[in-house]
Amino acid sequence: MKRPVIMRATAVIAVLFGIPLLLAPNALLAMYRAGELNVPGIYNSMLYGACLIGLGVMNWLAAGASHAEARPVIAGSTVVAVLGFLVAISRQLMDQAPPMAWFNVVLFFVLAVSYVGLLRGAAAPDTASAAALERVQ
């Protein structure tokens, strides 16, 4: 899949999860059939929602940049996706997480594989960058 598609899809997913976490975390948890959060849990979920919205904006804006310019966002998104996958899978295997939470495992796995692929392919120039380089030479 092409880098801009991955980054824009990530942006949409991040904002779609970020908004309910920021505005109504317990409503989102109800969709997972999970218990309600206490006050510190609500506070931390709201902060996480704000971070997801920021991650979404960064990915959306970086999707139109060259690969080299987008590399810091790709690296950060890789870290988020890999750590998110590790947290999600460990929670599913060790705790009594609701069955719907397997969706998070799959989602973070797909994002992690996609971003690791983008990060590993960072050495290859974009077609637009390569064409611009050829015109200069």
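Is Arg 33 buried or exposed? Select Arg 33 to begin the tour: at 75% relative accessibility, this residue counts as exposed. The terms rest on relative accessible area, computed with a 1.4 Å probe and protein chains only: buried means under 20%, exposed over 50%, and partly exposed in between.

The model is predicted, so local features need pLDDT of at least 70 and side-chain atom pairs count only at pLDDT 80 or more, while totals for chains, interfaces and linings use all residues. Residues are numbered from 1 along each chain as its sequence is written, and side-chain values use heavy atoms, with hydrogens and water left out.

**First stop: the loop at Arg 33**

Arg 33 is found in the loop between α2 and α3. Its phi is near 60 degrees, a positive value in a residue other than glycine. Most residues other than glycine have a negative phi.

**Second stop: the whole chain**

Now display the secondary structure. The protein has six helices and zero strands, in the pattern α-α-α-α-α-α along the sequence. Helices (H or I, at least four residues) and strands (E, at least two) are DSSP runs, numbered from the N terminus. Of the 137 residues in the protein, 33% are buried. A contact means heavy atoms within 4.5 Å. Among contacts between residues at least 6 apart in sequence, 73% join residues at least 24 apart.

Select Thr 78, which is in helix α4. Thr 78 is buried, with a relative accessible area of 7%. Not counting residues up to four places away in sequence, Thr 78 touches Tyr 115, Val 116 and Leu 119.

**Fourth stop: the aromatic rings**

Rings of Phe, Tyr and Trp (its six-membered ring) pair if their centres lie within 6.5 Å; planes under 30 degrees apart count as stacked, over 60 as edge-to-face and the rest as tilted. By this rule there are two aromatic pairs.

Select Phe 17 and Phe 103. Their ring centres are 6.3 Å apart and their planes stand at 25 degrees, so this pair is stacked. Phe 17 lies in helix α1 and Phe 103 in helix α5, so the pair ties together parts that are 86 residues apart in sequence. Phe 103 is partly exposed, with a relative accessible area of 40%.

Next, select Phe 85 and Phe 109. Here the ring centres are 5.5 Å apart and the planes are at 55 degrees, so the pair is tilted. This pair links distant parts of the chain, with Phe 85 in helix α4 and Phe 109 in helix α5, 24 residues apart. Phe 85 counts as partly exposed at 21% relative accessibility, and Phe 109 counts as partly exposed at 43%.

Select Arg 8 together with Trp 60. Arg 8 lies over the face of Trp 60, at 5.1 Å from the ring centre. A charge sits over a ring if NZ of Lys or CZ of Arg is within 6 Å of the ring centre and within 35 degrees of the ring normal.

**Last stop: the largest pocket**

Select Leu 21, Tyr 48, Val 87, Asn 104 and Phe 108, which lie nearest the centre of the largest pocket among its 33 lining residues. The elements giving two or more residues to this lining are α1 (3–23), α2 (25–31), α3 (39–62), α4 (67–94) and α5 (102–120). The largest share, nine residues, comes from α4. On a 1 Å grid over the protein atoms alone, a pocket is an open set of points where a 1.4 Å probe fits, with protein on both sides within 12 Å along at least five of seven lines; lining residues have an atom within 4 Å of a point.
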